[in-house]
Amino acid sequence: LELLRSLPATEILPAEELDPATPRSAIFHRPQQMFSPGDVALAVALGERIVVSQLDLIAYRNPGYFEDGEAWEDYRRASRHGLSAAERVVVFSEHTRRELLSDGLVEDSRIRIVPPGLDHRSPGEQRRPEGLEQHQLDHGFLLCLGTDFSHKNRLFALRLLSALREEHAWQGVMVLAGTHVPLGSSLELERAFLRERGDLREAVLDLGPVGEEEKAWLIAHAGALAYPSVYEGFGLVPFESALSGIPCLFAAQSSLADAAPDGTATIVPWDPVASAAAAHALLTDAAVRAQHVTALAAAASRFTWERAAGSMVEIYREAAIAPVRDGATLSRDVVQRERRLSVEHELEAARLVWEREHAQRMYDELNAEVGAGLSLIGPHGALPEALQRAL
């Protein structure tokens, strides 16, 4: 925020200060996918032309990350409207470009690939996470970093740990660090696995969410990072790990199949025994370890924020002068219609709430006046109807 404020000719508007009179920008760039109709409506209201960064299609493909089917369909509808309205759609990888095309969401002419930069690292402060004692780490540890979304595949990380201990007598532990999500979590599967494998319970340390200083300490002291994700829009972790001098155990899945150098993917999908053999070499053989880290770090050096920024400037120029498309116009019309319907729905809901509250007040007033005599009147009252009318 401080950097943004220091830029010339830059205005920062809090969301609550936006209104219909707020002037449109030539370009509105949303740096992540649309999550709701409100996100699309905001983009349409604030941009003559729209650029959307579609980081991945994980949520678009997976209903398990939503409260119910209706919420998932709402998300998918918002995604389609946003992508249709956008003059340019920016993705991190060739993999995501292929997925957009295979689902018929965007024409190839509007997609641009801009990988993120990896040259933002700074040493920073390090702090050992609370509750993590040195004696627990005497034999080294694997670090599995990230939320417990199912696609992060932490369950396989536990199976990999089991194979390392059984097949190679490795005595280290697994440290899990990341937020527990309310929907689409693998936590219960992990707990069930550990209940069946009592010998692993003391070898798995679940820290929950950690801060940046604690994360830095964990990476610096880990024997390797375990990153068995089945689906990533780019997959930063193996590259960031290598730039820290630490090997990473990952599979050549989704975007990493394209971005990672040949031979650096240690995990054999999804065979824990075969994967453990390669992982053990990285943990114990200095030459194998150095070759792995060097290859990934060299690949990471190609991804700079300067290159990404230069690409984005060109994409903004393209979007600004692109011919008007029927699809974008229709999407804008649909968004405006949904916004009106949403307002009407909110007004109707407010009316129903008022009527319900009004009826409750009438009942409360009657109850206060009649008190204990309430049981004498009404359809099932003890008094005759004529006498009730008189009362």
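1. Contact here means heavy atoms within 4.5 Å. By that criterion, Arg154, Leu155, Leu158 and Arg159 of helix 6 meet Leu189, Glu190, Phe193 and Leu194 of helix 7. The contact has 5 nonpolar, no polar and 3 charged residues (Ala, Val, Leu, Ile, Met, Phe, Trp, Tyr, Cys and Pro count as nonpolar, Asp, Glu, Lys and Arg as charged, and the others, Gly among them, as polar).

2. This is a predicted model, in which local features need pLDDT of at least 70 and side-chain atom pairs count only at pLDDT 80 or more, while totals for chains, interfaces and linings use all residues. Residues are numbered from 1 along each chain as its sequence is written, and side-chain values use heavy atoms, with hydrogens and water left out.

3. The crossing is right-handed, meaning that the near helix is turned clockwise from the far one by less than a right angle. Helices are DSSP runs of H or I, at least four residues, numbered from the N terminus.

4. The structure holds 0 disulfides (pairs of cysteine sulfur atoms within 2.5 Å). The sulfur of cysteine 144 has its closest cysteine sulfur in cysteine 248, 9.5 Å away, which is too far for a bond.

5. Are these cysteines buried or exposed? Cysteine 144 counts as buried because its relative accessibility is 4%, and cysteine 248 is buried at 0%. Buried means under 20% relative accessible area, exposed over 50%, and partly exposed in between, with a 1.4 Å probe and protein chains only.

How values were computed:
Helices (H or I, at least four residues) and strands (E, at least two) are DSSP runs, numbered from the N terminus.
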